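Hi everyone, thanks for making time.

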Amino acid sequence: MGNVLLTGATGGIGRPLAAALGAAGHQVIAVGRDVGRLDVRGIEADLTDPASLAPAMAALAAELTEIRAVVHCAGVSPVEAVAEAGPDTWRRTMAVNVASAAELVRLALPALRRSKGHVIFVNASPGLTGVPRWSAFVASKAALRELADSLREEEAVHGVRVTTVYPAATATDLLGEVRAAFGRPYDPQACIRPESLAAMVVWALNAPADSYACELSVLPG
């Protein structure tokens, strides 16, 4: 148990995840915009601008010497083909989905090393394959996977664990919007419940001292 930095805590997956982490005894610190809407502690930062994380984390480091985990759950999911997606789409998608995750981890690493903590990236099953008209999103998820794999190798010597969670379709408003953009049906009953996915993330975080899951694929039951 300990302090957990959580991005995307106001989202369809992040909100139940914040609740599940709190119920498991962790102290949740939400990172992002509009965190004042939550019943957990928060630090304000704009994930479209990863540089905004440094001052927020500096203030936090003054009072926290140990961080148990960083969980990156934030994400944007534009549906645009390469021919349609301009620089702003790519910049925003890569910033929120990848660069902000890398910067938050970098800033938290001294505290994570002290606690032999855990970094969890909530990725997506489409991050493993190309998807037409979802180019920026899929590219960002592939980059997030490689970030996780590199970080795992780099930080193993410090005892820091790194897990990537690959959920299939999860019942959120964002998925409904994406399915609508693709002209595909959206049936929440056929998807993973966000609360169920949150429970899986907490399970991964609470792994025993002698082993842990470095990759976790989650499918609808």
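First, a term: a nonpolar core here is a set of buried Ala, Val, Leu, Ile, Met, Phe, Trp, Tyr and Cys residues joined through side-chain atoms within 4.5 Å, where buried means under 20% relative accessible area, exposed over 50% and partly exposed in between, with a 1.4 Å probe and protein chains only. This is a predicted model, in which local features need pLDDT of at least 70 and side-chain atom pairs count only at pLDDT 80 or more, while totals for chains, interfaces and linings use all residues. Residues are numbered from 1 along each chain as its sequence is written, and side-chain values use heavy atoms, with hydrogens and water left out.

Now, the cores. The largest nonpolar core has 30 residues, and L5, M57, I67, V70, L112, V119 and F121 have the most contacts inside it. At least two residues of this core come from each of strand 2 (27-32), helix 2, helix 3, strand 5 (118-122) and helix 4 (135-155). Helices (H or I, at least four residues) and strands (E, at least two) are DSSP runs, numbered from the N terminus. Helix 3 gives the largest share of this core, eight residues. Another core, of 27 residues, lies apart from it and includes L21, V35, V71 and A198.

Let's turn to the helix pairs. Helix 2 (residues 53-61) and helix 3 (residues 87-115) pack at an angle of about 30°, with axes 10 Å apart. Those axes are lines fitted to C-alpha atoms, for helices over the stretch in contact, and the angles run from 0 to 180 degrees between N-to-C directions. Helix 2 and helix 3 are therefore roughly parallel; angles under 35 degrees count as that, over 145 as roughly antiparallel, 65 to 115 as roughly perpendicular and the rest as oblique. On the helix 2 side, L53, A54 and M57 meet S100, E103, L104, L107 and A108 of helix 3.

What about helix 3 and helix 4, at what angle do they pack? The angle is about 15°, and their axes are 8 Å apart. That makes helix 3 roughly parallel to helix 4 too. Among the residues making this contact are W90, V98 and V105 of helix 3, and F137, L144 and L151 of helix 4.

Finally, helix 1 (residues 14-23). Its buried residues are G14, P16, L17, A18 and L21. They pack against strand 1 (3-7), strand 2, strand 4 (69-72) and helix 6 (194-205), with contact meaning heavy atoms within 4.5 Å. Just after helix 1, G25 takes a positive phi of about 100°.
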